[in-house]
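I opened this notebook to record what I looked up in one structure. The entries go from the whole chain to single residues.

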Amino acid sequence: MRRLLLLAPLLLFTAGCGVAQSSEGKATDAAREVARKAGEQLYGQRPRTAEEVGRSASGIEGVEVLRVTGTSTHDGDGVDVIVRTSGSAYNRWFDNEEVAVRRCFAVRVSPKSEWRADPRDVDCPDGLPLTFAPPPEPPRLPHEELDAKLPRVPEGGRVDEAEVRRTLAALDLDPAIRTEVKADSGRVGVLLSVKGNGFDAQDCLLARVSPGATEVWTPPRIQRMPGEGGCTVDNALDPAPPPH
């Protein structure tokens with residue numbers, strides 16, 4: 001019994017040393033949590049290139065991107081991003097000061113990835129963090145120019161589809177802007193659109209030239225979502241009612 005009592009302080013000291021030694025582990029866990037949250041922000045079903053994923057990751061607070069592998073999220077196993085994060089822990093009973101670490105983790109971005117999956121511990125690659133150029137700006141849709149140039153047809157007049165097409169050609173639009181023109185029941189509808197990604201709201205501009213009225217407008221965002229039909233020339237001719 002006496003021997004057990006003498007061993008008790010030693011056991012407590014040993015347990016205490018274990019806690020002290022775990023400070024680095026706790027700091028690593030904190031760094032891993034930063035990487036896990038980065039994976040949550042990168043998670044999604046929208047197709048993205050490796051550059052897009054890397055750019056997004058580099059913009060997350062507390063994350064440095066050291067390597068990006070893969071072509072796109074929907075090719076093969078997707079895109080792997082090696083990120084470096086920091087974490088710290090402090091146990092006032094056993095540490096003289098806060099323990100801080102920098103660790104690297106691999107985050108996979110793919111439609112097959114699991115939500116809130118833990119990142120993999122990896123060795124940090126040599127070299128400085130990667131930098132990414134800002135994404136190219138989409139071409140601006142010429143709302144004011146189109147409104148100013150489209151013909152105004154008086155009540156009882158006839159809308160000339162060919163004149164509307166000549167107006168569009170004279171605007172010298174960016175090649176990335178797709179145009180569509182359709183005549184129906186004495187009116188001419190116009191669609192100007194930029195290719196979307198199939199997940200976010202598409203950028204488009206509608207116009208309708210009718211006897212007595214020429215209108216140019218951008219559909220509400222909800223109508224520009226995929227599958228809603230807002231960015232169609234038919235919606236220019238017969239607009240869907242605004243959402244409530």
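The entries below concern a predicted model.

**Entry 1: the chain as a whole.** I began with the secondary structure and found five helices and eight strands. Along the sequence I read the pattern α-α-β-β-β-β-α-α-β-β-β-β-α. I then looked up the overall dimensions. The radius of gyration is 30 Å, whereas a compact globule of 244 residues would have a value near 18 Å. Along the principal axes, the C-alpha atoms occupy a box of roughly 110 × 40 × 35 Å.

**Entry 2: surface and contacts.** I noted an accessible surface of about 15,100 Å² for the protein chain, with 52% of it belonging to carbon and sulfur atoms. Of the 244 residues, 35% count as buried. Among contacts with a separation of 6 or more, I found that 54% join residues 24 or more positions apart.

**Entry 3: a four-stranded sheet.** I traced an open sheet with the strand order β5-β6-β7-β8 and antiparallel pairing. Which strands stand at the edges? They are β5 (177–184) and β8 (213–217); each has a single partner strand, so one side of each lacks a neighbour in the sheet. On average, neighbouring strands of this sheet are turned by 10° against each other, direction ignored. I also looked at the pairing of β5 with β6 (residues 187–194): the two run antiparallel and are joined by eight bridges. Asp184 stands opposite Arg187 of β6.

**Entry 4: the nonpolar cores.** I listed 18 residues in the largest nonpolar core, and Leu146, Leu150, Val164, Leu168, Val190 and Leu192 touch the most other members. At least two residues of this core come from each of α4 (161–170), β5, β6 and β7 (203–210). Which element supplies the largest share? It is β6, with four residues. I recorded a second, separate core of 16 residues, including Ala50, Val63, Val81 and Val109. As a general point, nonpolar side chains tend to be buried together in soluble globular proteins.

**Entry 5: contacts of Leu192.** I set aside the neighbours of Leu192 within four places in sequence. The remaining contacts of Leu192 include Leu141, Pro142, Leu146, Leu168 and Leu173. Also among them are Ile177, Arg178, Thr179, Asp203, Cys204 and Leu205.

**Entry 6: Ser56.** I located Ser56 in helix α2 (residues 50–58). Its relative accessibility is 37%, so Ser56 counts as partly exposed, the range for that class lying between 20% and 50%. Ser56 and Leu42 are 14 residues apart along the chain, and I read a separation of 7.3 Å between their C-alpha atoms.

Note on methods: Residues are numbered from 1 along each chain as its sequence is written. This is a predicted model: local features need pLDDT of at least 70, side-chain atom pairs count only at pLDDT 80 or more; totals for chains, interfaces and linings use all residues. Side-chain values use heavy atoms; hydrogens and water are left out. Two strands pair if DSSP finds at least two bridges between them. Axes are lines fitted to C-alpha atoms, for helices over the stretch in contact, and angles run from 0 to 180 degrees between N-to-C directions. A nonpolar core is a set of buried Ala, Val, Leu, Ile, Met, Phe, Trp, Tyr and Cys residues joined through side-chain atoms within 4.5 Å. Buried means under 20% relative accessible area, exposed over 50%, partly exposed in between (1.4 Å probe, protein chains only). Contact means heavy atoms within 4.5 Å. The radius of gyration is taken over C-alpha atoms; the globule rule is 2.2 Å times the number of residues to the power 0.38. Accessible areas come from the Shrake-Rupley method with a 1.4 Å probe; for residues, only the protein chains shown count as cover.
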